[in-house]
Amino acid sequence: MSVEPDLPPPPPLKTLLSAGPLALFLDFDGTLVEIAPTPGAIAVPAGLGERLAALSERLGGRLALISGRAIDDLEAHCGPLRVACAGSHGAARRAADGTVLGEAALALPGAAIAEVERFAAANGVRYETKAHGAALHSRETPEREEACALFLDEVARRHGLAVKRGKRVAELVRPGADKGGAVQAMMAEEPFAGAIPVFVGDDVTDEDGFAACAALGGFAVAVGPRATENARYGLADPAAVHHWLEL
């Protein structure tokens, strides 16, 4: 059973669109699809990619997926995406036509990845390699969640990297890879420039995107009943997000 969030629901999408151009930034896991026990076990609604493309057209191209997943991982689950995307917490960005935005994202140092792999094997936690990151998942071993994050903090310190924490996951990333930076970069480009930015997300890693939208005159919508410092509105779960987006 869904638990209603404490925040009020956002105004209907039609109402917001009638007030002027809107730019939507959408998280993926926990926002458009339900969280699954493992990253590969998500159930993606049929035709989601096509419905997102149709929504993007309705918004004049001002829709972007902003995910901790790599862009190729998103497309492995959704099929080819004809919307703007920022993967790996914003490290890799591209326009709806596939054009790379900004500098190409860099992979992590091999030595750092090797350390994370060894830790995962020794501690029985799930390791996920990514194009531009390395994640430790503790959904199956919640008692190791804090140990995973602390270990990655130490690896990050020694290799000049950064750590992103989420729901039962911690990930090693390059410095500056955050969803707020992705929002700012996209809002500086057409067709996003000049629109009111709105970020919809369910996790603490989305707070950077929330804050960026607020600073640019927009707002954020938190998904699920959770603590949030930057969201103005709330929606209960991915089903409520789909309903609000009229997908």
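Searching the whole structure gives one cavity of 30 Å³ or more. Here a cavity is a set of points on a 1 Å grid over the protein atoms alone, where a 1.4 Å probe fits but cannot get out. Grid points are joined across faces, edges and corners, and a volume is the space filled by probe spheres set on the points. The largest cavity comes to about 440 Å³. Its lining has 28 residues, and D29, I35, H137, V169 and D203 are the closest to its centre. A lining residue has an atom within 4 Å of a point.

Before I go on, the ground rules. This is a predicted model, so local features need pLDDT of at least 70 and side-chain atom pairs count only at pLDDT 80 or more, while totals for chains, interfaces and linings use all residues. Residues are numbered from 1 along each chain as its sequence is written, and side-chain values use heavy atoms, with hydrogens and water left out.

Strands are DSSP runs of E, at least two residues, and helices are runs of H or I, at least four, numbered from the N terminus. By class, the lining holds 14 charged, seven polar and seven nonpolar residues. Nonpolar means Ala, Val, Leu, Ile, Met, Phe, Trp, Tyr, Cys and Pro; charged means Asp, Glu, Lys and Arg; the others, Gly among them, are polar.

Stay on β7 for a moment. V163 sits in this strand. V163 counts as partly exposed because its relative accessibility is 22%. The cut-offs: buried is under 20% relative accessible area, exposed is over 50%, partly exposed is in between, with a 1.4 Å probe and protein chains only. Leaving aside neighbours within four places in sequence, V163 touches L152, D153, A156, A170, E171, L172 and V173. Contact is heavy atoms within 4.5 Å.

Now the pocket. A pocket is an open set with protein on both sides within 12 Å along at least five of seven lines. The largest pocket has about 260 Å³ of space. Of its 15 lining residues, A91, E103, A104, A105 and P175 lie nearest the centre. The lining splits into seven nonpolar, four polar and four charged.

Next, the sheet. Seven strands form an open sheet in the order β4-β3-β2-β1-β9-β10-β11, with mixed pairing. Pairing needs at least two DSSP bridges between two strands. The edges are β4 (92-94) and β11 (233-235), each pairing on one side only.

Is β10 enclosed or open to the outside? Five of its five residues are buried, so β10 is largely enclosed by the rest of the structure. F219, V221 and V223 are on one side, A220 and A222 on the other. In general, side chains in a regular strand alternate between the two faces of the sheet. Strand β9 (residues 196-201) runs parallel to β10, joined by four bridges; V200 has V221 as its bridge partner. Strands β10 (residues 219-223) and β11 are also parallel, over three bridges, and V223 is partnered by L235.

Last, a helix pair. The axes of α6 (residues 179-187) and α7 (residues 207-215) come within 6 Å and cross at roughly 35 degrees. Axes are lines fitted to C-alpha atoms over the stretch in contact, and angles run from 0 to 180 degrees between N-to-C directions. K179, G180, V183 and Q184 in α6 meet D208, G209, A212 and C213 in α7.
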